[in-house]
Protein chains: 2
Amino acid sequence: MLSIKFLWEIMTAKENGEMFTQLTLEIFKLSGMLNNEGDELTKEFGLTSSRWKILGASEMSESRHTVPQIARTMGQSRQAVQRLVDVMTKDGLLNLVDNPNHKRAKYVELTPKARKIFYKLFDKQIPWAEHCSEGLSHKELETTLKVITMISNKLSKE
Amino acid sequence: MLSIKFLWEIMTAKENGEMFTQLTLEIFKLSGMLNNEGDELTKEFGLTSSRWKILGASEMSESRHTVPQIARTMGQSRQAVQRLVDVMTKDGLLNLVDNPNHKRAKYVELTPKARKIFYKLFDKQIPWAEHCSEGLSHKELETTLKVITMISNKLSKE
DNA sequence: ATTTAATTGACAACATGTTGTCGCAATACT
DNA sequence: AGTATTGCGACAACATGTTGTCAATTAAAT
C-alpha cells in the first residue's frame, strides 16, 4: 500500500539526507575554523584549543575525572587525551592525584597556575562568543544546539 | 539611555554567547565522530574521510579546481590539501592536468578508478545520511545548516 | 572463588591538520 | 615598464587525532 503519507515520508527522508550531507561538510569546515580561533585566543597563554578543552573538561565538572572519563565526555580516544594530559602535567598545568577507587586511573586536577589561566580565558572568551553569535536569534541557536547534540548522541549509541 | 530594548539585547547576547560556547564544544565532538563515520564508510575502498572529501570537492563542482581553490572551499590550509592530493595522485586516484591560466597551479581531476569509487560511495552514503537525519524535521535541519554556514562565513571574513 | 571480559596506562605507527620558509609565477600598483 | 605584493608548490617541523598492542587492574559472569 503506497499511501500519500508514505510517499511523503520517503521524499522527506531523501531531502533530509541531502541536507544532512551538506551539514556534515559545513561542520567539518566550521570545526577547523573554531579550532584555529581557539588557538588564537589561547596563544598568549601558551595554550592551544585542545589543551584549553582539557582544562575546561577538568575544571567545569562537579566531580573530578580520570583521563578516560574526560575522553568520553569529549568524544575522543583515551590515548589522545592521555598524551595531552601527560604534556600538560609536565608543563605544570595539571596534577594527577591518587584515586582511592582505582590504582591506575588517577584524577586529573588543574594546578593553581592553570586555574588562573583558565579563568582569564573564560573572561576573554565571553565577548568573543557574543560577537560570533551576533545576528543569530536565541531560537535559532537553541535549535542548532539541539540538532547537533541529537546527532552526536545518536552516533555515539551505535 | 538604557531602554528596555537595549537591556534585553544585552541579556540575549549573554545567553546567546553561552549557548554559542556550548555549541562550539558539541561541534568539535560531532566533527570527530563524523570523521570516524566517514573512515568506516570509506574503509572498503581503501579511503578515509579526508580523501573522500577531496574527491567530493573535485568532482561535485561545475568547473575544475586547483589545490588552493579546493583548500579554500574546505576551509583548510593549502598545504594540507596539497599533501593529500600528492598521495592520491601517487595512488592513481587523481591526475594533475595543465592549467593554461597558470604555469604552476594545475587542475585536479579524478581518474576513472576514483570516479567509480566516488559514485559507489555516493550511493552508500545516501541511506546513511537518511538514517542519521531520522527524527529531525526539515525545518530543524534547515535552520541548523543555515546557522552553521552563517557562523562559518562570519569567521572566514575576519 | 575462579575464570572471563572490560578498562586502563604506556608505547608505537600512522593520518592529517597547522605554521613557517623558500624560490618562482602571477597580479597589482604607480 | 618596473616594482611591490600576493599566490603557489615543495619542503620541514610540529600538534593532535586515530588505531593497535601489551601487561596490569578492575569488573562481571558462572
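Which residues do ring pairs link into a cluster? In this predicted model, for which local features need pLDDT of at least 70, side-chain atom pairs count only at pLDDT 80 or more, and totals for chains, interfaces and linings use all residues, side-chain values rest on heavy atoms, with hydrogens and water left out. Residues are numbered from 1 along each chain as its sequence is written, while chains are lettered from A and ligands numbered from 1 in the order in which they are written.

The cluster consists of A:Phe118, A:Tyr119 and A:Phe122, linked by ring pairs. Rings of Phe, Tyr and Trp (its six-membered ring) pair if their centres lie within 6.5 Å; planes under 30 degrees apart count as stacked, over 60 as edge-to-face and the rest as tilted. The ring centres of A:Phe118 and A:Phe122 are 6.5 Å apart and their planes stand at 50°, so this pair is tilted. Both residues, A:Phe118 and A:Phe122, belong to helix α5 (residues 112-132) of chain A, where they are four residues apart, about one turn of the helix. Helices (H or I, at least four residues) and strands (E, at least two) are DSSP runs, numbered from the N terminus. With a relative accessibility of 4%, A:Phe118 counts as buried, whereas A:Phe122, at 35%, counts as partly exposed. Here buried means under 20% relative accessible area, exposed over 50%, and partly exposed in between (1.4 Å probe, protein chains only).

Over all chains, a search of the whole structure finds six aromatic pairs. One of them has the rings of A:Phe20 and B:Trp128 with centres 5.5 Å apart and planes at 75°, so it is edge-to-face. This pair crosses between chains, from A:Phe20 in helix α1 (residues 4-43) of chain A to B:Trp128 in helix α5 (residues 112-132) of chain B. A:Phe20 and B:Trp128 are both buried.

Charged side chains also meet rings across the two chains. The charged end of A:Lys53 sits over the ring of B:Phe28, 4.2 Å from the ring centre, and the charged end of B:Lys53 sits over the ring of A:Phe28, again 4.2 Å from the centre. A charge sits over a ring if NZ of Lys or CZ of Arg is within 6 Å of the ring centre and within 35 degrees of the ring normal.

Turning to the strands, chain B has an open sheet of three in the order β1-β3-β2, with antiparallel pairing. Its edge strands, β1 (65-66) and β2 (94-99), each pair on one side only. Two strands pair if DSSP finds at least two bridges between them. In chain B, two bridges join β1 to the antiparallel strand β3 (residues 102-110), and B:Thr66 stands opposite B:Tyr107 in β3(B). In chain A, strand β1 (residues 65-66) pairs with β3(A) in the antiparallel sense over two bridges, with A:Thr66 opposite A:Tyr107. Strand β2 (residues 94-99) of chain A pairs with β3(A), also antiparallel, over five bridges. There A:Leu94 stands opposite A:Leu110, and a hairpin of two residues joins β2(A) to β3(A).

Sugar and phosphate make up 58% of the atoms of DNA strand C that come within 4 Å of the protein. A polar contact is a pair of N or O atoms within 3.5 Å; within protein, one must be able to donate a hydrogen and the other to accept it, and residues adjacent in sequence count only if both atoms are side-chain atoms.

Of the 22 residues around DNA strand D, A:Thr48, A:Ser77, A:Arg83, A:Lys103 and B:Arg78 come nearest. Sugar and phosphate account for 56% of the atoms of DNA strand D within 4 Å of the protein. Base nitrogens of DNA strand D lie 2.4 Å from a side-chain N or O atom of A:Arg83 and 2.2 Å from a polar side-chain atom of B:Arg78.

How values were computed. A residue is near a molecule or strand if one of its heavy atoms lies within 4 Å of it.
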